[in-house]
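Hi everyone, thanks for making time. Let me put the structure up, and then we can walk through it together.

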Amino acid sequence: MIFGGIQFILVLMQTENEEVNIAMGSRFRNFMSGRYGNDQLNRLMVVIAVIGAVLTWFLHSNIPYIISIVFLILAYVRMFSRNIQQRSAENARYLEFKDRFLGIFRGRRGSWGQQSAYKIFICPGCGQKIRIPKGKGHIMITCPRCHTSFKKRT
Ligand SMILES: [Zn+2]
């Protein structure tokens, strides 16, 4: 049963991986070793799945139910995936898109007010935001958190 794995849904909704490890015990930790685990994109997909489930209940329609199942399956597949690099890249793309999307509403001010002097990049390895001075051309950026290197134009 897809909705039977309440434990896994709880894992998907956790914010910190450490918390998950403590909560799930060593057997689950062994199972998850070498697998991608959870990230911001997965949490979004679980939220969509939950909204879909609620809408199914209210609207008596199959469409939100199908959407809900699809997103839940996607979240599972990503979580248990062994292609960590590919999953990280997807998450980084999502975070970049989300920042740009939210930037439209903020009118590109607020925390992005520093945009004149700096450009903010999102690490494809861990999703960390990295602030780089503008106008340096194509440079290699090394993430201070996970030490992933990636090339970007500033
Ligand atoms: Zn990183």
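So, the protein chain has 5 helices and 4 strands, where helices (H or I, at least four residues) and strands (E, at least two) are DSSP runs numbered from the N terminus. In sequence order the pattern is α-α-α-α-α-β-β-β-β.

Two housekeeping notes. Residues are numbered from 1 along each chain as its sequence is written. This is a predicted model, so local features need pLDDT of at least 70 and side-chain atom pairs count only at pLDDT 80 or more, while totals for chains, interfaces and linings use all residues.

On confidence: pLDDT is the predictor's confidence in each residue, from 0 to 100. The protein chain averages 81, and 78% of the residues score at least 70. Confidence is lowest in helix 1 (residues 6-13), at a mean of 55, and highest in helix 4, at 95.

Let's stay with helix 4, then. Which of its residues are buried? By buried I mean that 20 or more other C-beta atoms lie within 10 Å of the residue's own; exposed is 12 or fewer, partly exposed is in between, and C-beta atoms are placed from the backbone. In helix 4 the buried ones are Pro64, Ser68, Phe71, Leu72, Ala75, Arg78 and Met79. They cover an arc of only 130 degrees around the axis, which puts them on the same side of helix 4; the arc is that of the directions from the helix axis to the C-beta atoms. On the other side, Ile63, Ile66 and Val77 are exposed.

Several of these names come back in the largest nonpolar core, whose 9 residues are Tyr36, Leu41, Met45, Val46, Ala49, Phe71, Leu72, Ala75 and Met79. Such a core is a set of buried Ala, Val, Leu, Ile, Met, Phe, Trp, Tyr and Cys residues joined through C-beta atoms within 7 Å. Helix 3 (40-59) and helix 4 each supply at least two residues of this core. Across the protein chain, 16% of the 154 residues count as buried.

Finally, the strands. Strand 3 (residues 138-142) and strand 4 run antiparallel, joined by 5 bridges; two strands pair if DSSP finds at least two bridges between them. Thr142 stands opposite Ser149 in strand 4. The two strands form a hairpin with 6 residues between them, and His147 in the turn has a positive phi of about 65 degrees. Strand 4 (residues 149-153) is hardly covered: of its 5 residues, the count of buried ones is 0.
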